[in-house]
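Colleague: I would like to know what stands behind the labels used for this model. Please set each label against its cut-off.

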Amino acid sequence: MPRISAASNAEQRADTQRRILTAFGELLFTHGLPGLTMTDVARHAGVGRTAVYNYYADIEELLISYALDETEKFLSELRESLDRIANPVERLALYVRAQVVDLSRRHLPPGPAMGAVLSPSSFAKLSDHVGELSVLLQGILRDGMDQGYLPVADVGQQSQLILGTLSSSAARGSDEPAELEARVARTVRFIQLGAGARFDDDGRPVKVAQLPVVAR
């Protein structure tokens with residue numbers, strides 16, 4: 001019998017783990033988290049139940065791994081897209097659109113809201129990755145204020161309000177493409193206007209008169 005090399009064995013393990021994470025994500029989309037079991041994931045992934053436990057101790061650990069993996073990929077793709085846009089108001093639109101679509105697809109709460117479905121110790125493992133989304137948003141808001149496209153405000157408070165709005169928008173309505181696109185468009189404009197952005201008659205962002213500086 002031919003030997004299985006370490007490289008091929010590692011590839012097989014990585015492939016099995018990827019199948020498990022993919023299956024978990026698909027089940028989250030179709031059924032949601034409540035009631036989801038390791039047996040469900042194993043069956044959907046086409047692997048034995050024991051194989052799932054070889055990688056994850058329970059459904060919460062699987063959720064953490066999935067969330068970390070998805071957040072890392074999402075952040076990388078989002079940063080690349082944002083780097084191609086100069087105007088901060090348009091960058092805010094891209095951020096909002098990407099977040100609503102992603103949250104609707106994954107059916108996971110964003111940012112601090114993950115604390116509602118995880119134990120404190122498990123949520124702590126996610127805090128660094130999840131916090132990067134908030135930091136990214138705050139950077140966009142600061143740029144908008146510094147460049148005069150948004151009135152100066154409390155960036156931390158504003159980002160919390162925006163993240164809450166994103167979570168609410170993602171949880172409402174169907175994922176049918178036309179309905180989702182309309183919901184995304186409404187959310188984008190609601191958040192832009194709520195942050196103080198203003199537009200000309202052609203819909204292009206314009207600079208606004210600055211308000212007195214408050215603590216940021």
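Colleague: Why is Arg43 called exposed?

Modeller: Arg43 has a relative accessible area of 60%. Exposed means over 50%, buried under 20%, and partly exposed in between, with a 1.4 Å probe and protein chains only. Arg43 therefore counts as exposed. Asp40, with a relative accessible area of 26%, is partly exposed.

Colleague: What kind of model is this, and how are its residues numbered?

Modeller: It is a predicted model, in which local features need pLDDT of at least 70 and side-chain atom pairs count only at pLDDT 80 or more, while totals for chains, interfaces and linings use all residues. Residues are numbered from 1 along each chain as its sequence is written, and side-chain values use heavy atoms, with hydrogens and water left out.

Colleague: What makes the contact between Arg43 and Asp40 a salt bridge?

Modeller: The closest N and O atoms of Arg43 and Asp40 are 3.6 Å apart. A salt bridge is a side-chain nitrogen of Lys or Arg within 4 Å of a carboxyl oxygen of Asp or Glu, so the pair qualifies. Arg43 and Asp40 are three residues apart in helix 2 (residues 38-45), which separates them by about one helical turn. An α-helix has 3.6 residues a turn, so residues three or four places apart point the same way.

Colleague: What about Arg97 and Glu181?

Modeller: Arg97 and Glu181 form a salt bridge with their closest N and O atoms 2.9 Å apart. This pair links distant parts of the chain, with Arg97 in helix 5 (residues 88-106) and Glu181 in helix 8, 84 residues apart. Arg97 is partly exposed at 31% relative accessibility, and Glu181 is partly exposed at 38%. Elsewhere, salt bridges that share partners join Arg18, Asp69, Glu70 and Lys73 into one network. The structure holds 10 salt bridges.

Colleague: Which residues of helix 8 are buried, and why are they said to line one face?

Modeller: Leu180, Arg183, Val184, Thr187, Val188, Ile191 and Gln192 are buried. Seen down the axis of helix 8, the buried residues fall within an arc of 160°, taken from the directions from the axis to the C-beta atoms, so they line one face. Ala178, Arg186 and Phe190 are exposed on the other side of helix 8. After helix 8 comes Gly196, whose phi is positive, near 100°.

Colleague: Why is Tyr66 called buried?

Modeller: Tyr66 has a relative accessible area of 5%, which places it among the buried residues. Tyr66 lies in helix 4 (residues 59-82). Tyr66 and Phe24 are 42 residues apart in sequence but 7.7 Å apart in space, C-alpha to C-alpha.

Colleague: Is Arg91 buried or exposed, and what does Arg91 touch?

Modeller: Arg91, in helix 5, is buried, with a relative accessible area of 13%. Not counting residues up to four places away in sequence, Arg91 touches Leu82, Ile85, Ala86, Ile140 and Asp143, where contact means heavy atoms within 4.5 Å.

Colleague: How much of the protein is buried?

Modeller: Buried residues make up 42% of the 216 residues.

Terms used:
Helices (H or I, at least four residues) and strands (E, at least two) are DSSP runs, numbered from the N terminus.
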